[in-house]
Amino acid sequence: MKNLRKLFGLVLLLAFLSAPAYSQIKSDYSKDADFTGIESYMFAGWQDNSDEILNDIDKKRILDAFKAEMDARGLEHKTSGADVVLTLFVVVDSKTSTTAYTDFNSTMGYRGRWGWGYGYGGVGTVSATTTYSENDYLEGTLVVDMYDADGKDLMWQGIIKKVVKSNPKKREKTIPKNINKLMKKFPIEEN
């Protein structure tokens, strides 16, 4: 029973520690928007100068990943006169995750008349030790908005929330991978 509790505690701890590693991806689109006539797009830049927290290499990775996804859908990139306009917004927050592990020990015995149940006459001891640990990490949120170039109406919005990897080689792989996951929710399918 003691080993089962330890195993259960370990599984919970591992699940909690690994939870921030997954990305949260959400999207929404206007039910009134007509996506059938879209043939071209353009980037209108970063909202509120939010790109100042990114280095030029990561900005290029993000833009290149979106361009690759749009190309896969047969949409042409233009610098002006496009059917839709994409704007990007990014924010990075410092976060702390707290985990607790309790080691529970009991000497209450299972004894009785037929070999089960609490014993009579003796008082067992119960002890528990709880250990806390805190982990600091950065969580990044990337928002892409797509507007109708003529009416400036919001047509589609995608949001990626993910733990920021400090290793540039990992970011090189995870940025396109996460943008690909987001674009699977895009109303225009790949060709």
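**View 1. The largest pocket of a predicted model.** On a 1 Å grid over the protein atoms alone, a pocket is an open set of points where a 1.4 Å probe fits, with protein on both sides within 12 Å along at least five of seven lines; lining residues have an atom within 4 Å of a point. The largest pocket holds about 450 Å³ of space. Its lining counts 22 residues, and Leu 54, Gly 140, Val 164, Arg 171 and Ile 175 are the closest to its centre. This is a predicted model, where local features need pLDDT of at least 70 and side-chain atom pairs pLDDT 80 or more, while totals for linings use all residues. Residues are numbered from 1 along each chain, and side-chain values use heavy atoms, without hydrogens and water.

**View 2. The pocket lining.** Elements giving two or more residues include α2 (56–72), β4 (84–106) and α3 (168–183). The most come from α3, with 5 residues. The lining divides into 12 nonpolar, 6 polar and 4 charged residues.

**View 3. The largest nonpolar core.** This core joins buried residues (under 20% relative accessible area, 1.4 Å probe) through side-chain atoms within 4.5 Å. It has 27 residues; Ile 62, Phe 66, Met 146 and Ile 179 have the most contacts inside it. Among the elements giving it two or more residues are β2 (40–46) and α2.

**View 4. Around Ile 62.** Contact means heavy atoms within 4.5 Å. Beyond its neighbours within four places in sequence, Ile 62 touches Trp 46, Leu 54, Leu 88, Leu 142, Ile 175 and Ile 179.

**View 5. Asp 51.** This residue sits in the loop between β2 and α2. Asp 51 counts as buried because its relative accessible area is 15%.

Methods. Points joined across faces, edges and corners; volume = space filled by probe spheres on them. Helix = DSSP H or I, 4+ residues; strand = E, 2+ residues; numbered from the N terminus. Nonpolar A, V, L, I, M, F, W, Y, C, P; charged D, E, K, R; others polar. Buried < 20%, exposed > 50% of the residue type's maximum accessible area, 1.4 Å probe, protein only.
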